[in-house]
Amino acid sequence: MREMEGCRKSLCSWWKTASSSTRLLGFMLPLMVVSVMVVLLGSNSSNWIFDSGFYPWAWGSVYPPRAPFSQGFVPPPADGGIDAFQWRQTVVGGGGEREEALVVDYNLHRAAAPPLSIEVSAAEPPVAKKKDDLINATNKSNDSRVLPLSPGINRRFSNLQILEAKMQQSRTAIRDARKENVIRDSDYVPSGPIYWNPSAFHRSYLEMEKNFKVFVYEEGEHPIFHNGPCGSIYSMEGNFIYKLEISKFRTRDPEKAHVFFLPFSVTSIVHFIFDKNSRDHWLPMKQTVSDYVELVAAKYPYWNRSLGSDHFMLSCHDWGPELSKSLPELFNNSIRALCNANTTEGFKPSKDVSIPEINLPGGRTNGLIGGPSPSRRPVLVFFAGGLHGPIRPALLEHWENSKDKDVQIHQYLPKNVSYSALMRKSKYCVCPSGYEVASPRMVEALYTGCVPVLVKDHYVPPFSDVLNWKSFAVEIPVGDIPNLRNILLGISTRQYIRMQRRGVTVRRHFEVNLIPKRYDVFHMILHSIWLRRLNVRLHGVEDL
């Protein structure tokens with residue numbers, strides 16, 4: 001007590017004799033110490049919505065823990081340039097049989113570490129707050145200058161930063177889709193097991209319709225550029241180019257674009273430039289592609305800004321993957337929409353898009369769509385086709401001369417037998433790879449109500465980031481070809497009918513319409529590209 005009393009007297013004596021500035025310092029010092037302690041102790045807590053371990057495509061607690069992943073970072077150019085491609089997430093590990101690879105590599109329903117998982121940085125404020133800041137501060141002239149909530153500080157946001165902030169809102173909406181009620185849609189509401197996650201797909205599709213913009217480079221002339229076939233197995237090249245150029249998704253302002261389309265047709269390049277007598281027939285074709293990319297890269301800043309990661313090409317020709325090697329950035333960074341989606345040839349489901357190969361003999365689907373009910377299909381399994389590649393010879397060797405009348409496997413059809421008519425009489429239609437993995441038979445089967453039987457190695461089926469192919473198709477390893485009939489007979493009638501009806505439902509996503517309709521093949525291709533763009537973050541957005 002005496003010591004405390006002595007301290008009190010000393011403190012009072014010092015307070016009376018000290019100057020006013022010294023007294024102020026003595027008053028403020030304890031407050032400063034307390035403030036520093038609060039900041040240090042409170043830094044471990046966070047009010048942010050997101051953390052770096054969250055993946056919006058990993059929907060719900062029903063999915064198993066995430067597999068290991070790696071984040072590859074490509075730094076900005078050494079010359080000090082900005083807005084270089086920042087990173088992608090890629091899956092590592094996995095392996096095993098193709099059936100397991102389908103799940104690990106790109107099937108989002110399992111979402112162990114889905115290639116399309118939308119990464120969110122750890123120290124990023126809630127998107128809603130960002131949006132409010134932008135909306136409250138943006139004036140009526142659409143000027144990109146904004147006034148932050150903190151008074152006295154002026155800040156300018158670039159068009160890219162505003163675009164990325166809006167994309168973050170879309171990521172959040174997709175992530176939260178499972179918490180919402182079913183969204184009303186006058187045309188179609190995705191549901192059922194044919195989708196890995198119907199609500200997330202529906203929300204993502206609506207976000208695409210509302211926000212997605214594509215800039216089509218206008219450089220280049222017919223017949224190589226802004227042109228393509230519309231009436232063959234390569235029909236998706238011409239159909240997509242023509243429809244995109246008149247689509248509402250096209251923007252003439254590159255500053256508003258999420259992705260940039262390189263409008264060359266690989267089929268046209270092969271048709272007009274390929275010289276079979278040339279010593280190096282690849283060189284002039286690859287030079288055409290590289291010259292075009294270099295042209296737009298010199299004229300516009302967007303290719304160099306992202307090193308091509310927000311650009312895409314589309315090809316249904318077998319040589320599309322090879323011509324994409326014309327530039328390393330095109331092959332490694334850009335989104336490649338390919339029919340020939342072969343993982344052994346460099347196809348990466350995390351950034352590339354598998355599109356269907358559709359044969360349109362007259363450029364239309366007239367007479368191609370529709371078929372009888374399951375009860376009016378007496379043939380168990382059907383195939384007719386030439387000896388292309390390593391799989392078909394094994395199929396024909398085991399089943400071409402089968403004594404079972406319900407197995408119709410032919411290299412050449414008998415006279416007066418219609419290919420499409422026999423397909424409509426069949427329950428299952430075999431869709432084997434030829435020299436390349438893609439085949440129009442998958443879509444032909446869906447068009448006619450025949451359940452596709454996929455006999456392929458290293459193939460990524462179209463739209464498999466959204467569609468659960470195992471719910472409406474049968475997958476048979478190449479080694480099980482001798483057991484084909486027993487495998488199909490082992491599927492119960494009830495399960496077959498379910499698969500057949502699901503195939504009829506999913507058919508809308510593969511239909512080619514003269515005027516594109518919602519959820520058709522044109523919009524599904526765009527949606528797959530939209531998903532890949534959601535998974536790309538460009539350098540500079542962290543400054544928002």
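Residues are numbered from 1 along each chain as its sequence is written, and side-chain values use heavy atoms, with hydrogens and water left out. Because the model is predicted, local features need pLDDT of at least 70 and side-chain atom pairs count only at pLDDT 80 or more, while totals for chains, interfaces and linings use all residues.

Me: How many helices and strands does the chain have?
Reply: Helices (H or I, at least four residues) and strands (E, at least two) are DSSP runs, numbered from the N terminus. On that basis the secondary structure comes to 18 helices and 15 strands.

Me: What percentage of the residues of the chain count as buried?
Reply: Buried means under 20% relative accessible area, exposed over 50%, and partly exposed in between, with a 1.4 Å probe and protein chains only. The chain has 544 residues, and the buried part of them is 51%.

Me: How are H5 and H6 oriented to each other?
Reply: Axes are lines fitted to C-alpha atoms, for helices over the stretch in contact, and angles run from 0 to 180 degrees between N-to-C directions. The axes of helix H5 (residues 159-175) and helix H6 (residues 198-211) come within 8 Å and cross at roughly 155 degrees. Angles under 35 degrees count as roughly parallel, over 145 as roughly antiparallel, 65 to 115 as roughly perpendicular and the rest as oblique. H5 and H6 are therefore roughly antiparallel.

Me: Which residues of H5 and H6 make the contact between these helices?
Reply: Contact means heavy atoms within 4.5 Å. From H6 come Ala200, Arg203, Ser204, Glu207 and Asn211, and from H5 come Ser170, Ala173 and Ile174.

Me: How are H7 and H18 oriented to each other?
Reply: Helix H7 (residues 235-245) and helix H18 (residues 521-534) have axes that come within 11 Å and cross at roughly 80 degrees. The two helices are therefore roughly perpendicular.

Me: How many nonpolar, polar and charged residues does the contact of H7 with H18 have?
Reply: On the H7 side are Met236, Phe240, Lys243 and Leu244, which meet Val521, Phe522, Ile525, Leu526 and Ile529 in H18. Ala, Val, Leu, Ile, Met, Phe, Trp, Tyr, Cys and Pro count as nonpolar, Asp, Glu, Lys and Arg as charged, and the others, Gly among them, as polar. By class, the contact has 8 nonpolar, no polar and 1 charged residues.

Me: How are H6 and H18 oriented to each other?
Reply: The axes of H6 and H18 are 10 Å apart, and the helices pack at an angle of about 95 degrees. H6 and H18 are therefore roughly perpendicular.

Me: Is phenylalanine 463 buried or exposed?
Reply: Phenylalanine 463 lies in the loop between strand E13 (451-455) and strand E14 (474-475). Phi of phenylalanine 463 is positive, at about 55 degrees, although the residue is not a glycine. The relative accessibility of phenylalanine 463 is 2%, so this residue counts as buried.

Me: What is the relative accessibility of tyrosine 519?
Reply: Tyrosine 519 sits in the loop between helix H17 (493-506) and H18. Phi of this residue, which is not a glycine, is positive, near 70 degrees. Tyrosine 519 counts as buried because its relative accessibility is 1%.

Me: What is the C-alpha separation of isoleucine 269 and valine 289?
Reply: Isoleucine 269 lies in helix H8 and is buried, at 0% relative accessibility. Not counting residues up to four places away in sequence, isoleucine 269 touches Ile224, Phe264, Phe274, Met285, Thr288, Val289 and Leu323. Isoleucine 269 and valine 289 are 20 residues apart along the chain, and their C-alpha atoms are separated by 8.9 Å.

Me: How far apart in space are alanine 257 and phenylalanine 215?
Reply: Alanine 257 is in the loop between H7 and strand E6 (259-261), and is buried with a relative accessible area of 4%. Alanine 257 and phenylalanine 215 are 42 residues apart in sequence, but from C-alpha to C-alpha the distance is 5.5 Å.
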